[in-house]
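Here is a short briefing on one protein chain. Look through the sequence and the fold, then read the points below.

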Amino acid sequence: MQIKLNDLDTRLARIERVVANQSLLELANQSEALRTDLRAMHNDVDQLTNSLEAIRKQQRDLYADLDRRMKALELRGGAGGGAGVAAGAAAGAAAGAAAGDSGSAAAGAAGDSGTPGSDDKAAYQAAFGLLKDGQYDRAIAAFQKFLAAYPDSQLADNAQYWLGEAYYVNKSFPEAQAAFQRVVDKYPQSRKRPDALLKIGYCQYELKDWGQAKDTLGKVAAQFSDTPAGHLAQQRLDKMAAEQH
């Protein structure tokens, strides 16, 4: 009996070791599978991060190019350059913005107050076309007429912003600042708000209101740090510091 009991104990211990080894193997396999999944997730996160950074860089580059073109346009306008050259520069300057506005224009195609129609869209595009062609006085009048005729249009915030740009290119800085301020006050949810605030700071700079310009640009740089407007605001602040304003 003792021999049989000893044999049973030995066999039971062997079985227990086999079961224990199988459990450890299963745990090891599960752990390795989890590690593989985690590595895959990290890879996905890295790819998404890289894609997001590429998109942000593209936006910054587009906005910086637009700002450079607008500045070149302002200089040509101030020097009384040829209309054909100014028109070409204006078309290039507005190209990126027109692409951004196209979504809003399509959304506004239903017309004023949500009713079907394309009158507001056509009027907006006509005014924007004048701006691109360098006909700034006519563009100002057209945008003012648009805002009076279609105050509730889905394109009204864009029209108000480009009215400010038309004034700005004409070096009518007080009028431009007032137009941009209206974007901020009347359309607080507009995607044009960061750009309008940036241009308010630019107008204050041109008017040599250094303190207000510094405050406005500082707010843009802080509130919209990851946007092209935020980067341009910081660049202007750096310029002001170099100029000791």
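How far apart should the end C-alpha atoms of α7 be, at 1.5 Å a residue? The 14 residues of α7 should span 20 Å, and the end C-alpha atoms are 20 Å apart, which agrees. The expected span is 1.5 Å times one less than the number of residues in the helix.

This is a predicted model, in which local features need pLDDT of at least 70 and side-chain atom pairs count only at pLDDT 80 or more, while totals for chains, interfaces and linings use all residues. Residues are numbered from 1 along each chain as its sequence is written, and side-chain values use heavy atoms, with hydrogens and water left out.

**Overall make-up**

- The protein chain holds nine helices and zero strands. Helices are DSSP runs of H or I with at least four residues, strands are runs of E with at least two, and both are numbered from the N terminus.
- Of the 245 residues in the protein chain, 34% are buried. Buried means under 20% relative accessible area, exposed means over 50%, and partly exposed lies in between, with a 1.4 Å probe and protein chains only.
- Take the contacts in the protein chain with a separation of 6 or more: residues 24 or more positions apart account for 55% of them. A contact means heavy atoms within 4.5 Å.

**Helix α7**

- In α7, 12 of the 14 residues are buried, so this helix is largely enclosed by the rest of the structure.
- Among the buried residues of α7 are Pro-194, Asp-195, Lys-199 and Tyr-205.

**Helix α6**

- Helix α6 covers residues 173-186. Its 14 residues should span 20 Å at 1.5 Å a residue, and the end C-alpha atoms are 20 Å apart, which agrees.
- Phe-173, Ala-176, Ala-179, Phe-180, Val-183 and Val-184 are buried in α6.
- Seen down the axis of α6, the buried residues fall within an arc of 145 degrees, so they line one face of the helix. The arc is that of the directions from the helix axis to the C-beta atoms.
- The buried residues of α6 pack against α5 (156-169) and α7 (193-206).

**Nonpolar core**

- The largest nonpolar core has 46 residues, and Tyr-124, Leu-131, Phe-143 and Phe-180 touch the most other members. Such a core is a set of buried Ala, Val, Leu, Ile, Met, Phe, Trp, Tyr and Cys residues joined through side-chain atoms within 4.5 Å.
- The largest share of this core, nine residues, comes from α5.

**Aromatic rings**

- The structure holds nine aromatic pairs. Rings of Phe, Tyr and Trp (its six-membered ring) pair if their centres lie within 6.5 Å; planes under 30 degrees apart count as stacked, over 60 as edge-to-face and the rest as tilted.
- Phe-128 and Trp-162 form an edge-to-face pair, 5.1 Å centre to centre with 80 degrees between the planes.
- Phe-128 lies in helix α3 and Trp-162 in helix α5, so the pair ties together parts that are 34 residues apart in sequence.
- Phe-128 is buried, at 6% relative accessible area, and Trp-162 is buried, at 3%.

**Charges over rings**

- Lys-199 lies over the face of Tyr-168, 4.8 Å from the ring centre. A charge sits over a ring if NZ of Lys or CZ of Arg is within 6 Å of the ring centre and within 35 degrees of the ring normal.
- The charged end of Arg-236 sits over the ring of Tyr-205, 4.7 Å from its centre.
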